[in-house]
Amino acid sequence: MTDKAKKAIHDKLVSELQSSDYKTVTKSINQLREEGQLEDIVLLFDLLVRNDDEEVKNTILKFLADIKDKKADLIFINAILNDKYKTIQKELTGICWQSSIDFTKHVSVFTDLLIKSDFETAFEAFTVIENFTEKIEPEKRIEEQDKLKDAIPNAPEEMKGMIHECIHILDQF
């Protein structure tokens with residue numbers, strides 16, 4: 001297949017993501033698994049923000065959790081930190097622990113989420129940290145523990161236990 005033909009197929013898939021028919025959208029999402037590019041992840045984030053159809057959302061979330069490209073870590077981290085995607089921050093954070101992508105080098109992002117987010121997003125961030133603790137460099141572990149310890153006095157009561165547990169988990173390795 002020529003590059004021109006591949007581009008035409010890709011462009012068609014991207015335009016079909018804008019369809020009001022959820023079947024067309026889910027079909028296009030599934031085709032992106034084969035024909036998509038790394039940059040298309042952002043299109044799926046945008047679609048996730050503006051789409052109310054549960055089937056479409058579930059299809060997107062399954063797709064995102066299946067991504068294996070190691071370079072996708074920065075795309076996820078940038079989206080998690082972007083206010084444009086605040087409404088899906090919990091879902092994106094959850095994908096980070098479900099995925100096979102290594103987010104270890106971004107542990108400070110998840111520590112900040114644990115400290116500053118609502119309970120559900122903080123729980124997802126806690127789970128990411130828990131899953132990657134053994135890979136975190138000792139100096140970085142100490143740094144994150146210190147950040148968590150400093151956050152305890154100002155943390156809401158419902159968060160203090162999770163913060164303490166995260167400190168303990170980081171201390172085990």
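Predicted model: local features only at pLDDT ≥ 70, side-chain atom pairs only at ≥ 80, totals over all residues.
Of the 173 residues in this chain, 45% count as buried.

Let me turn to the secondary structure. The chain has ten helices and zero strands, and reading along the sequence gives the pattern α-α-α-α-α-α-α-α-α-α. As for contacts, if we take those in the chain with a separation of 6 or more, 67% of them come from residues 24 or more positions apart.

I shall now consider helix H3, which covers residues 40–50. Which residues of H3 are buried? They are Asp40, Ile41, Leu44, Phe45, Asp46, Leu47 and Leu48. The cover over these buried residues of H3 includes helix H1 (3–16), helix H2 (22–35), helix H4 (54–66), H5 and helix H6 (89–98).

One of those covering elements, H5, deserves a description of its own. Two packed helices are described by the angle between their axes and by the distance between the axes. Helix H5 spans residues 72–81, and H3 and H5 pack at an angle of about 30 degrees with their axes 10 Å apart. Angles under 35 degrees count as roughly parallel, and H3 and H5 are therefore roughly parallel to each other. The crossing of H3 and H5 is right-handed. On the H3 side the contact is made by Ile41, Val42 and Phe45, and on the H5 side by Ala72, Ile75, Phe76 and Ala79. By class, the residues of this contact of H3 with H5 are seven nonpolar, no polar and no charged.

The second pair for today is H8 and H10. Helix H8 (residues 119–132) and helix H10 (residues 157–171) pack at an angle of about 5 degrees, and their axes are 10 Å apart. H8 and H10 are therefore roughly parallel to each other as well. From H8, the contact involves Phe119, Ala122, Phe123, Phe126, Ile129 and Glu130; from H10, it involves Glu158, Met159, Met162, Glu165, Cys166, Ile169 and Leu170.

Notes:
Residues numbered from 1 in each chain as written. Heavy atoms only, no water. Axes fitted to C-alpha atoms, helices over the stretch in contact; angles between N-to-C directions. Helix = DSSP H or I, 4+ residues; strand = E, 2+ residues; numbered from the N terminus. Parallel < 35°, antiparallel > 145°, perpendicular 65-115°, else oblique. Left-handed = near helix turned anticlockwise from the far one by under 90°. Contact = heavy atoms within 4.5 Å. Nonpolar A, V, L, I, M, F, W, Y, C, P; charged D, E, K, R; others polar. Buried < 20%, exposed > 50% of the residue type's maximum accessible area, 1.4 Å probe, protein only.
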